[in-house]
Amino acid sequence: MISFTIMAITFGTVFLAELPDKTALAGLMLGTRYRASYVFAGVAAAFAVHVALAIAAGSVLTLLPHRLVQAVVGVLFLAGALVLLFKKDEGEEEIKAPADQSFWKVSGAGFMLILVAEFGDLTQIMTATLAARYDNPVSVGLGAVLALWAVAGLGIVGGRTLMKYVPLSLITKVAAALMLALAAFSLYEAIAG
């Protein structure tokens, strides 16, 4: 059964955590050089693969005792918040651009870039954590993939404009605060439950 509340929580958490990520900037750079729809097709497919892997990992966690899962989830959210608060800006990574504008080359370049760059990324770990937390893989999966696609779309089409009005440091702080709140809630449930 799909829960719109869980979808919304997942969407908000993953969206805010992914906005300051380097892959949003990579999508922006590819989107300025190549047809946006081609880039988005590849990026969207890669994010769907990552969410499926994260949901599978989160579903395995639900087999553990509830209190243990809540403690692990709380610690992972806390770690994610600390990563967001204390990570240093990484230099811009070089993106190997496809040699021509064909759909398969451009979307393939976007797919490979995201597939490699996002493997084991914070948002993938958060998605697995949310899947374990809520034990509703469909709602978490839909919320996560829609959030990642929204960030990719913003990065590809309007990233430069967004960053003019919303400082990256503010987005990072809001995402970290949300993760701290989720960590506190999960740890409270682990202790009180």
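Helix contacts and confidence in a predicted model

Visitor: What makes H3 and H5 a pair in contact?

Guide: In H3, Tyr 38, Val 39, Ala 41, Gly 42, Val 43, Ala 45, Ala 46, Phe 47, Val 49 and His 50 meet Phe 103, Val 106, Ser 107, Gly 110, Phe 111, Ile 114, Leu 115 and Glu 118 of H5; contact means heavy atoms within 4.5 Å. By class, this contact has 13 nonpolar, four polar and one charged residues, where Ala, Val, Leu, Ile, Met, Phe, Trp, Tyr, Cys and Pro count as nonpolar, Asp, Glu, Lys and Arg as charged, and the others, Gly among them, as polar. This is a predicted model, in which local features need pLDDT of at least 70 and side-chain atom pairs count only at pLDDT 80 or more, while totals for chains, interfaces and linings use all residues. Residues are numbered from 1 along each chain as its sequence is written, and side-chain values use heavy atoms, with hydrogens and water left out.

Visitor: Why is Leu 170 called partly exposed?

Guide: Its relative accessibility is 45%; buried means under 20% relative accessible area and exposed over 50%, with partly exposed in between (1.4 Å probe, protein chains only). Leu 170 therefore counts as partly exposed.

Visitor: Which residues of H1 are buried?

Guide: Among them are Ile 6, Met 7, Val 14 and Phe 15.

Visitor: How do you know where confidence is low?

Guide: The pLDDT, the predictor's confidence in each residue from 0 to 100, stays under 50 over residues 91-95. Where pLDDT is low, the predicted coordinates should not be read in detail. The mean pLDDT of the protein chain is 80.

Technical notes:
Helix = DSSP H or I, 4+ residues; strand = E, 2+ residues; numbered from the N terminus.
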